[in-house]
Amino acid sequence: MVLDSDNREDDENTDQYFMEQAFKLAQQAEQNNEIPVGAVVVYQGKIIGEGFNKSIMLNDPSAHAEMLAIRQAGKYLNNYRLLDCTLYVTLEPCPMCAGLLVHSRIKRLVYASPDLKTGAAGSTFNLVCNEQLNHQVLVTGGILKIQCSQLLSTFFKRRRAEKKQQRKSINIANY
Ligand SMILES: [Zn+2]
């Protein structure tokens, strides 16, 4: 019994550690004025792929953190399947990325904040463990949730304020 709870604690610490790394990437996205989402792919205790949201920077609507991290991991493994890998991401994946997780055959998904609007790992859809699909991903949600949610909400608040300010200055210019 003691051993079991110790193991669980170890697992939690591991999850927190890798989510911290994903969080650092999310902060990089924020510094680039991208929606702050970061992701890492872990294989045998090692990060083999990482990414942060770059849709605006790359003019690429598919350049989500998960997509970039998975592409890098596939190159590292020299394989289009990411068997026995875990993806850590600071925000619950969208439908596109959830589909990608199934295609990649990734073993496990760990996310921080739920996305109540478009989350596809259980919040609005569940594409990652859907029996109609040929692969189901193990899911853990809520690791570093407060930290990662705060980064997102601060970002959106700032962006809304900036847009408001922009509108104001356009109105003034029109006078
Ligand atoms: Zn996505």
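Colleague: Which residue takes a positive phi just after α3?

Modeller: Arg-105 does, with a phi of about 60°. Helices here are DSSP runs of H or I with at least four residues, strands are runs of E with at least two, and both are numbered from the N terminus. The model is predicted, so local features need pLDDT of at least 70 and side-chain atom pairs count only at pLDDT 80 or more, whereas totals for chains, interfaces and linings use all residues. Residues are numbered from 1 along each chain as its sequence is written.

Colleague: What secondary structure does the chain come to, and in which pattern?

Modeller: By those run lengths there are four helices and five strands, following the pattern α-β-β-α-β-α-β-β-α along the sequence.

Colleague: Which residues of α3 are called buried?

Modeller: A residue is buried if 20 or more other C-beta atoms, placed from the backbone, lie within 10 Å of its own; it is exposed at 12 or fewer and partly exposed in between. In α3, Cys-97, Ala-98, Leu-100, Leu-101 and Ser-104 are buried.

Colleague: Why are they said to be on the same side of α3?

Modeller: Because they cover an arc of only 155° around the axis, the arc being that of the directions from the helix axis to the C-beta atoms. Their cover includes α2, β3 and β4.

Colleague: Which residues have the most contacts inside the largest nonpolar core?

Modeller: Such a core is a set of buried Ala, Val, Leu, Ile, Met, Phe, Trp, Tyr and Cys residues joined through C-beta atoms within 7 Å. The largest has 44 residues, and Ala-22, Leu-87 and Tyr-88 have the most contacts inside it. Its largest share, seven residues, comes from α1.

Colleague: With which residues is Ala-22 in contact, leaving aside its neighbours within four places in sequence?

Modeller: Contact requires C-beta atoms, placed from the backbone, within 7 Å. On that criterion the partners of Ala-22 are Gly-38, Ala-39, Val-40, Tyr-88, Val-89 and Thr-90.

Colleague: What makes β2 and β5 edge strands?

Modeller: Two strands pair if DSSP finds at least two bridges between them. The open sheet has the order β2-β1-β3-β4-β5, with mixed pairing; β2 (46–52) and β5 (138–141) each pair on one side only, and are thus its edge strands.

Colleague: How many bridges join β4 and β5, and in which sense?

Modeller: There are four bridges, in the parallel sense, and the bridge partner of Tyr-111 in β5 is Gly-141.

Key:
Two residues are in contact if their C-beta atoms, placed from the backbone, lie within 7 Å.
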